[in-house]
Amino acid sequence: SLLHLSSSNAWLIFLYLANNVHDERQLRLVGAALCAGILVQGLLVVAQYFMGTTFNLGVFGETRRSIVLQETGDSALTRVGGTFGHPNRLAVFVSGTLPIVIALWLSGTSRWLTMMAGLTFVVEVVTLILTFSRGGWSTTAFLAPLMVLLGAWKRGGLRKALGWLLIFGFLMVVAVLPFAGPISQRLFETDYGRGLIRLAHVQVSSNMIGSHPILGVGLNNYTL
C-alpha cells in the first residue's frame, strides 16, 4: 500500500543519512531540510482546513481523501491530510517527526536552527490538531513532554528541564486554544460508533501476540 511504500522509503532515507552524515554541519542541514518540509506541509494543511478544498497536488500525494468531513455530535468536523492522502496518515507522520523536531529545538547547535525548530514545533502541533486524529493526539501527548524533559535534563539538569516544560506547555496552550471547540467536540461527542472498530483491531492484535509472542506473524500475514 501507499503507507507501506512511504514507510519503506523513510527507512531507506534513514539508512542513507545514518551512513553519510558525519559532522554537525551536515546534521544541521538535514535538520533544517526536515523543518522546511514540515513548515511547507503545515501551510498546506492550514490552507486545506480554512479553504475547505484540495489544490490538485496529486503528484505530491494529495487525494480526494485529503479532506474528510466526519460526523461528530450534531455537526461535521473537517479533517485534513495534506499531501499524505488521509488525516490519519498525516498524524502518523507528525507524531513520528515531532520528537526529532523537539530534539533539534533543544540541541543548541545554532541559534537559527533553534528558532526554526521552535517555529516548526508550533506548526506541527497545529497540523496534528487539524488531522483530528485521537490516536495521533494521545501518542504526542505522551512522547512530546517526555522528549522535552529528557532532552532539557541532559543539557542542564532538573531546573532547566522544568523551565523548558513550562515553555513547552505555554506553546501547546497557544496552539490549542483557537481550536478548543472542535477538539472538545472530537474528544467528548459521539462519533456514531466509528471508534468501536478499533476494539476489533485490539482483539486481533491480542490474538496475534498470544499465538506468536516472540517473532510475530510477519507483515500482512495476520489473516493467515
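Modeller: A residue is called buried when its relative accessible area is under 20%, and in this predicted model that cut-off picks out I183, Q185 and R186 in helix α6, residues 180-188.

Colleague: What makes these buried residues of α6 a set on the same side of the helix?

Modeller: I183, Q185 and R186 are the buried residues of α6, and they cover an arc of only 160° around the axis, which puts them on the same side of α6. An α-helix has 3.6 residues a turn, so residues three or four places apart point the same way.

Colleague: Which elements do the buried residues of α6 pack against?

Modeller: With contact taken as heavy atoms within 4.5 Å, the buried residues of α6 pack against both β1 (67-72) and β2 (75-80), and also against the helices α4 (111-131) and α5 (134-176). These elements belong to a chain of seven helices and two strands, which follows the pattern α-α-β-β-α-α-α-α-α along the sequence.

Colleague: How many of the contacts join residues 24 or more positions apart?

Modeller: Such pairs account for 62% of the contacts with a separation of 6 or more. By the under 20% cut-off, 32% of the 224 residues of the chain count as buried.

Methods:
Residues numbered from 1 in each chain as written. Predicted model: local features only at pLDDT ≥ 70, side-chain atom pairs only at ≥ 80, totals over all residues. Heavy atoms only, no water. Helix = DSSP H or I, 4+ residues; strand = E, 2+ residues; numbered from the N terminus. Buried < 20%, exposed > 50% of the residue type's maximum accessible area, 1.4 Å probe, protein only. Arc of directions from axis to C-beta.
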